[in-house]
Structures are given as C-alpha cells and as structure tokens.
Amino acid sequence: MTMQHLLINVSDLTVEFDKGFRCSNINWQLFPGQHWMICGSNGAGKSALAAILTGAGDIDGGYITGVPERIGVVSFEAQAELIEAERRKDDADILDVIAEGTPAGEIIAQVCKDQTLADKLCEQFGLTPLLDRAFRKLSTGETRKVMLIRALTSKPQLLILDEPFEGLDAASLAALQQHLLSLASHIPMVIVLNRLDQCPEFVTHIAFMQDGKLTQQIARDDHDAYQQLTQLMHLKTTQLTLPPTDIDHTLPELDPAKPLVQLKSAAVKYTDTVIFKDLDWTINRGEHWQLTGPNGSGKTALLSLITGDHPQCYVNDIFVFGFKRGSGESIWQIKQFIGYVSTALQWEYTVGTSLRNVIISGFYDSIGLYSKYTDNQRDIANQWLEVLGMRDRADETFTSQSYGDQRLLLIARAMVKHPPLLILDEPCLGLDDMNRQQVLSLIELICARSDSTVLYVNHHAEDKIVGVENYLALDSL
Amino acid sequence: MSTNYFNTLSLREQLEQLGKCRFMHLDEFSDGVDALKGKKMVVIGCGAQGLNQGLNLRDSGLDVSYTLRAEAIAEKRQSWKNATENGFTVGTYEELIPTADVVLNLTPDKQHTAVVNSVMPLMKEGACLSYSHGFNIVEEGMQIRDDLTVIMVAPKCPGSEVRAEYVRGFGVPTLIAVHENNDPKGEGLALAKAYAVGTGGHKAGVLMSSFIAEVKSDLMGEQTILCGMLQTGSLLCFDKMIEEGIDPGYASKLIQYGWETVTEALKYGGVTNMMDRLSNPAKIKAFDLAEEMKDIMRPLYNKHQDDIMTGKFSETMMADWANDDKELLGWRADTAETAYEKTPATEDEITEQEYFDNGILMVAMVKAGVELAFETMTSAGIIADSAYYESLHETPLIANTIARKKLYEMNSTISDTAEYGCYLYNHACVPLLGDFMKNIKSDVIGAGLQLNHTGVDNARLIEVNDAIRNHPVEAIGSTLRGYMSDMKKIV
Ligand SMILES: NC(=O)c1ccc[n+]([C@@H]2O[C@H](COP(=O)([O-])OP(=O)(O)OC[C@H]3O[C@@H](n4cnc5c(N)ncnc54)[C@H](OP(=O)(O)O)[C@@H]3O)[C@@H](O)[C@H]2O)c1
Ligand SMILES: [Mg+2]
C-alpha cells in the first residue's frame, strides 16, 4: 500500500491573533479524501483553527504547509470584512448623491467562475430577486447566502465553512447540504459547527478545540470516541440547567450562622503511624475548597472524617451539619448533607442496576437502590441523564458503562439531592483526556449553577476548577 | 457436665420451638433503634462479628464499647488493635460489664461457657445478654441469671459482609430470637429488633425465630452443604480429574474458582438459574447425576440431622474440646496434605462459562447438597425460610472463601463448630460416593461434554426443567430473594 500524500500539514504551530488569543502547538494533518468538522465550546478557538488555514494570525512557532491557492471561505469574520469594506467604499466616495453600494450580483460576480452554478444557487436560495440590491442593504441571512455562493462558485481547491448553516431557512439549508454533498467527492472541506448533530454525513474526521488547543482528533467511524465527543459537546455547549431537587424530601434546615464543617486538632493515627495531626479546618457555606497533598498525606482519611466513613471520626473533635460527632447521631443523618464522589466509590459501586437507579440512589446515600422511590425522584433522575447526554441509556446497567461515563453518573448521583456539601475526591483520577474534560465541564456547571459548597481534592494542578478559591495543602509527615 | 437444653423440653415444646420462624416486614421496624438509644452496649470480643457489628451499631447512633479478656489488652492483641484503631473505648470485664445495659457476647462459641460464667456476676441487675449464635444456650444448656434478658441477633453472613452491606446502605439477612426462659421484663423482642436495625439487618430481611431453630438449622447447614459438601466435592473432583489425565494446574483452578462461579448463579435465581447456565444436554446430565447422588447421600444427611437433634453431635464435639481439639487439629492437618490443597492453580484463564461447561459434576453436587439439606431440615420440622438461609443462601458466601485460598481459607474462616462438622461429613461422604465416582469420566468434570450437536429430547427436557423449578427450595427462595430485590433494585 502506498502512503497517501499529505495535503495540509500543520506542525507544532502556534499562532497569535489580534486580541491576544493564541492557538498553541497545533499538530494537524489533513489528507486527501478527508473532510473535517471542527467543534468546541464558545471561545475555544474553533474559528481560529479554521482561519489558520487561510493564513490568519501571526505565526509564533511551528509551520504550516500544503494550503492550496484557491480557498473558498465562509465565516462571520469574512462576512463582516466584506460589509466593512463596502461601508468604507461609501465613506471614501465623497459624492453629493448617497451611494447605494455594490449590488449583490456584482459581489458574486467578482469571484465567480461558474455563472450557471451561481444562477442555480441564487434561485435555490431565493436570492435572485435581490441581486440588484446593494450588498450592504441585505439582511444578515441574505449576505450569508451571498458569501456562500461566492465561495461555492469560485472553483475552490479547499472549502472552509465556519457555521455555514447558521441563520439559513429550511429550504436554503436543504439546498446547501445537498450541494455540499455533491462537492464532497472532489473538494476537501473543513467545517466549523457548534453542534455535532448538524455534522454532515460526508465528514470523515472531527477536531475538538479547547482553550486554543487541538485536544481531540477522532475518526467519524470510531463509534466510542464519537459518542464520548457527543457527550462532551453536550456538556460544553448546550444551555444546561441543573435539575431541581426533590421537593417532597427536603433536607433539615441548617443554621446559616454555623460552619458546615469544623475540625479542631484533628488527627488520624494507627498503632504505629500518624497520618496527620493538629489539623484545624473550618468550611463555611459557599466557600469552595481545594485540598491538595501528595499520596499518603491523608487526603482521603481527612475527607472520611467529615463523611463519617473513618471510624476515628468518633475520637476527634468534629462538628458537622449541626452535629457534634459521637453524640448519638447516625451516620445517615450526616450523609444526607453530603454528595460524594471518589474512585473508591466507583470501585465499590459494582451493583448491576440501571443508570437511572444509580442516580436515584443518591437520594438515599446508598450503593445500589434499596428503597421504594417516588415518581418525582425518577423524573429528576431522568433530567440528570438528559444533562449527561445519557437519557437514551437510562435502563442499561451501570457496570457495563465506560469508566468515564460511570464517573459522570456518580457525580450526578452525588448532586441529585443538591447537597450542602459536595465532596469530589480526585474526580479525574484514572480518566483519559476526553473523559477528564467531560468531568471538569460537569463540575464547572455544578459550581456555577448550584448552591452546593464544593470540596475538591486533586493533586494535579492543571485540573483547576473555576470558582474554587480556598486551598488546604496536606504535607506528608 | 452441661445439660442439653433442647433435650430437657417435651416433644411438643421441641416441635414448637423448631417451627418458630416468621419473616418480619419492614414496617415492624419503624421504631428504629429507639429501644437501645442511650443504653450502654458492651461487646465482648472484637473479632469477625464483634468488630463489624459494633461498627454498624455505632454508626447507627448507639453507644458501643468493647471489653476483652485481660491478656488481650495487656498483649495488645489483634482484637485490642481492632477496637482501639477504630476509636472504641476498650476496658476489662470489671471496668465495663457493670456499666452495660446490653452485653453482646461475640466470642467463639467454644469459649461461651467460660466467658459467660465470668461476666454474668458482673452484670447489672436487669441487663440484657445477647448472642449471635445459640449453641451455648441450646447445646450446652447454659443457665442465665433470672433477672437478665437473653436475646439472639444472628447475621446470616460473615462479619465482613455485615459491615460491607451496611456501608452500602443495606444489610444482611438476620435471624432474631428471645430466650423465653429469660425475658423477665418482656422487652427481649424490642431490644432484638432495635439491635437488628442497628446492624442494618432489617433492610435485608429479618426472621423471627427461636434459639433452638437457629442452632439446629445452622449446624445442619454448615456441616452438610455449606462446608462438608464443598470439601468432599473438591477432593473427589480433583482426584478424578488427575486420574482422567487433566492438567493438575487446570484441575486445581477449576475447583478453586468453580464453586464461587457456579454458586454465584444461585444468588440471582436459585438452583434453576444455576442449572440454566448449562447447555441442555449438560443440564440433563447434571440433573441425573444429582438425583443419583441424592439417593446415595440421603441417609448421611438424615444422620447428620438426627445427631444434631439428639445432641449427639455436640456431645462428640465437646468431648474433643475437652481433649484439646485433638481430632479437629488432626483433621485440619490432613486436609492441608491433600493433593488438591497442594497443587497450585494454573495462571491460564478459565472463562466464566467454562466453569459451568467443564464443571457439570460440581453443579450437580451443589444442586444435590442444597436440595438434600433443605429437604432434611424441613422434614425435621425446621421452617422453609430458615432452611433456605442455612442452605442455598449461604452457599455462595462460603464458596467465596475457597476461591480465596482453597479449603484452608474456608476452614479457617468458619467457626470451629462448622469445621468440626465439616470433617465429620467429609469422612463419611468420600467413601459413600466411592462407587458413584468410579463411573465418572472427564466429560462431566474437567473436559466438558464435547458433543457435536446440542439437541435433546423435548419431553425429557421439559420433565427435567419442571423437576428443577418445582423443588420447594425454589419457591421459598424466590419469595425471600424477592423481598431482598424488592428493596435491592425495584427495576
Ligand atoms: N463468623 C461468622 O460468620 C458468624 C456468623 C454469625 C454468627 N457468628 C457467631 O458470632 C460469634 C463470634 O464469632 P466470630 O466468628 O466473630 O469469632 P472470632 O472472629 O473468632 O472472634 C472472637 C473474639 O473473641 C475473643 N476471644 C476469644 N477467646 C476468648 C475468651 N476465652 N475470652 C474472651 N474473649 C475471647 C477474641 O479476642 P482475643 O483472642 O484477642 O481475646 C476475638 O476478638 C460466635 O458466637 C459465632 O457463632 C459468627
Ligand atoms: Mg451459620
């Protein structure tokens, strides 16, 4: 088999754009026969990546080769540029008559190399009656159509389409999609789209941008990766609201004047080792904390003093949610206020129950579901599955899900009752990059949209969570 | 010499006590742990049951501390570490027993007479003494001071499970009883219920039983199907495979993990489900083998039950206790010397289904043992619910211990009483199955049927399926598992 020759090669490229935005260390290879879709959340650098192919921005390192000469570009930037140019032309012509500006038909003709096609597309887009009208007098949707026709009729060797479907009426959309399909056999395309479900059939590869970095490149026919990406996009880009809590089972009121958690001179000791000692810690409502420390410094032991999972919580001076530990309270009275996620929990959660039941079990703080739940709780669990992009898998078994999906489900389980305290013990541990991004997206959503106080444990500095501002570092003793 | 309590009763009383067994509904536990709130619970012994029950009770908001024999405290033995590292107060009998409202005797059964004799004089007037097994009361006829309430709360699982299930928010099936001779204030039942709630048992199902029914069924289950049958089966199956030229490493692994794998199927759908995991021809084969073994072994099961009922078993065993466990230790050493114990398992993987396909005889042994134990217990007057817990329910739990470290692990995990009974059974059962084993070939143990077609006669298959499904252990099993899964999944 002969190696197919490379079309475009982007190698360790760093590009700086006007407003200080950077795309860094991009490695990307486009081969003939491929069509790429670029996706990512707003501001992630989707359009910037596409624009790099047209030579936009200043190269700050690396190189790009193989970009063909004739590129058809459709984007808001290109559209805005053309409109701006038209306006400047008007200003420049100091005439005593008010200039009408260049007619749309002429704008198309400037670059058109296939008049028959242009006529056909104008007809299909309903643009024919408007061709004599000044370009800058057209509506946004109409100028977009003009841009599309320019790009498509310029005999391009590469098409770069940034949100080409945005603002098109149904008939034009259908016509465009059909036309693109007919081009797919001979013109490579790079399409920026906000939503994966708009991804045209012929697209073979998907690039995912995050913070100016090209973090994922997946082949369309890699079903697992595609499904994960769908979920990530869903978490990143959909206007998600967190499902409500269960109004029939509200938690007891907490005294707002008292801290959620207060440890005084806390210690965990075994016969011959001291894990930590003399630790004072107060967590007030609304103060999100990050707990760091090397392996073995006792992060998990400390958390389990709070959750009541550590038996030595009974010999420490611990005040949690209005209870002095060891004063006759039961562990379930403590746990009701806490949502908890950890790798250990995931290992223990080996119950062959459905995804929905796993989420419902969060109402009961149980591993597995042993209580009769209400219809309302079921509804809420379904809404969480919606948030996770797993609604269609509600009845599948938990243990058959991927590791990353299990983690997302356990976070939803922890959140389902809107706990005053949400404890995330190394929530990204053991996850690959894609899953890590999903988990972090979900946590950020929770930090931003809920009243839970978040206690986040992580020793990876890069997994920072927006909104966490207090830090406690445990040293190894 | 002690008097067997059961034997002091009239036949009418014996039957009444044996037949005591009622599945309690969740709503009978609505008072939670109230009856024990604010009371001081002192546990004697911090071993498998002691530690784990104590952890649960404390997490349920109850006041728990431990008392150990003075040597254990002085030498900082494991039991002392268990209690102190978990943040419990530990004290001597003199320090803690007089303060106790409830004393939980969780020492080995063999020590009960000595332990109870030393703590009883220290106990508060009107306090409660509780057990997790009735051997001391029933078989040794221990007499408890009249002012004391005597109850039993017996989890039907190893201590580690008692804790693990509680932590999950669930519990393990539990049997409770009040010793009617010692219920001066009529509060025994309320205390036992609260105790069961404190350990989480109420969520998984509580049987209201009697000391006698608990002991007679517990002993029967552990010596026959639970430990005895698995030991005998392991030894016979291994030797047969070697004789048939199966690789010893493979044979060793097939048995070590085979019991666990095939009995796991029991948990979900009883004997029916276990049998359904076999191909149709294999199922019919296993069925026939099981029927044959049941006929051969029935007299042995009857003998075990009879010896338990008459007290002959405990008398024999207590004689060995008095003789420094000579028999027990000798048999334990013999077990360690068997070819099966000494042959390491292969590293090669055996798939889950292969354990069924190549372990047809093992499946047949489990079926025969479970059904026979159940049939024998129920015909001796033990109620089906109890008989189910002591046979089918516990089989996978014991099989897990063999998977860990073969027979050694099983015998060191179970109580001395169970171990003693297990060896008794094994010594009788191995020769009993001698002729039967002569006709066994590797097709039913080690190599699989290796049929070219899996066709069977429809009429025969229907007959076999009906016989499996209609066994009485299946009916009570599905009801009791239903109670559990009712709460466990509600899918
Ligand atoms: N294991 C089970 O699966 C299970 C299930 C249900 C019920 N039970 C019942 O629970 C009870 C306890 O069984 P277990 O399995 O938990 O026993 P275990 O693990 O052997 O623990 C026994 C504890 O008692 C202490 N002990 C031993 N001899 C003693 C003596 N002479 N005086 C005072 N303390 C002594 C031991 O501590 P030191 O040796 O350090 O003093 C140890 O902490 C038994 O009645 C048993 O039948 C057991
Ligand atoms: Mg037992």
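**Figure 1. Lining of the largest cavity in the predicted model**. The lining residues divide into 4 nonpolar, no polar and 4 charged. Both chains take part: A:Asp309, A:Ile331, A:Trp332 and A:Lys335 come from chain A, and B:Asp59, B:Arg163, B:Tyr166 and B:Val167 from chain B. The space inside is about 30 Å³. A search of the whole structure finds 1 cavity of 30 Å³ or more.

**Figure 2. The largest nonpolar core**. The core holds 125 residues. Which residues touch the most other members? They are B:Ile144, B:Met293, B:Met297 and B:Leu361. Helix H12 (residues 211-243) of chain B gives the most to this core, namely 15 residues. Both domains of chain B contribute: domain 1 (21-209) and domain 2 (213-488) each provide at least three residues.

**Figure 3. B:Met123, a loop residue of chain B**. The loop runs between helix H7 (112-119) and strand E6 (128-131). Is B:Met123 buried or exposed? B:Met123 has 5% relative accessibility, so it counts as buried; the cut-off for buried is under 20%. Leaving aside neighbours within four places in sequence, B:Met123 is in contact with B:Ile97, B:Val103, B:Cys128, B:Leu129, B:Arg145 and B:Leu148.

**Figure 4. Helix H20 of chain B**. This helix spans residues 384-393 and is mostly covered. How many of its 10 residues are buried? The count is 9. The buried residues are B:Asp385, B:Ser386, B:Ala387, B:Tyr388, B:Tyr389, B:Glu390, B:Ser391, B:Leu392 and B:His393.

**Figure 5. The two domains of chain B**. Domain 1 covers 21-209 and domain 2 covers 213-488. Their centres, taken over C-alpha atoms, are separated by 31 Å. Across the boundary, 27 residues of domain 1 are in contact with 29 residues of domain 2.

**Figure 6. The two domains of chain A**. Domain 1 covers 3-236 and domain 2 covers 247-476. The centres of these domains lie 44 Å apart, taken over C-alpha atoms. The contact takes 13 residues from domain 1 of chain A and 17 residues from domain 2 of chain A. Chain A as a whole has 14 helices and 18 strands. Its C-alpha atoms fill a box of roughly 85 × 60 × 50 Å along the principal axes. Of its 477 residues, 53% count as buried. Among contacts in chain A between residues at least 6 apart in sequence, 71% join residues at least 24 apart.

**Figure 7. Positive phi at A:Asp12**. Most residues other than glycine have a negative phi. A:Asp12 is not a glycine, yet its phi is positive, at about 45 degrees. A:Asp12 is found in strand E1 (residues 8-16) of chain A. Its relative accessibility is 38%, so A:Asp12 counts as partly exposed.

**Figure 8. Positive phi at A:His418**. Here too the residue is not a glycine, and A:His418 has a positive phi of about 50 degrees. Where is A:His418 found? A:His418 sits in the loop between helix H13 (403-415) and strand E16 (421-425) of chain A. At 27% relative accessibility, A:His418 counts as partly exposed.

Note on methods
Residues are numbered from 1 along each chain as its sequence is written. Chains are lettered from A and ligands numbered from 1 in the order in which they are written. This is a predicted model: local features need pLDDT of at least 70, side-chain atom pairs count only at pLDDT 80 or more; totals for chains, interfaces and linings use all residues. Side-chain values use heavy atoms; hydrogens and water are left out. A nonpolar core is a set of buried Ala, Val, Leu, Ile, Met, Phe, Trp, Tyr and Cys residues joined through side-chain atoms within 4.5 Å. Buried means under 20% relative accessible area, exposed over 50%, partly exposed in between (1.4 Å probe, protein chains only). Helices (H or I, at least four residues) and strands (E, at least two) are DSSP runs, numbered from the N terminus. Domain bounds come from an automatic or database domain assignment. On a 1 Å grid over the protein atoms alone, a cavity is a set of points where a 1.4 Å probe fits but cannot get out, and a pocket is an open set with protein on both sides within 12 Å along at least five of seven lines; lining residues have an atom within 4 Å of a point. Grid points are joined across faces, edges and corners, and a volume is the space filled by probe spheres set on the points. Ala, Val, Leu, Ile, Met, Phe, Trp, Tyr, Cys and Pro count as nonpolar, Asp, Glu, Lys and Arg as charged, and the others, Gly among them, as polar. Contact means heavy atoms within 4.5 Å.
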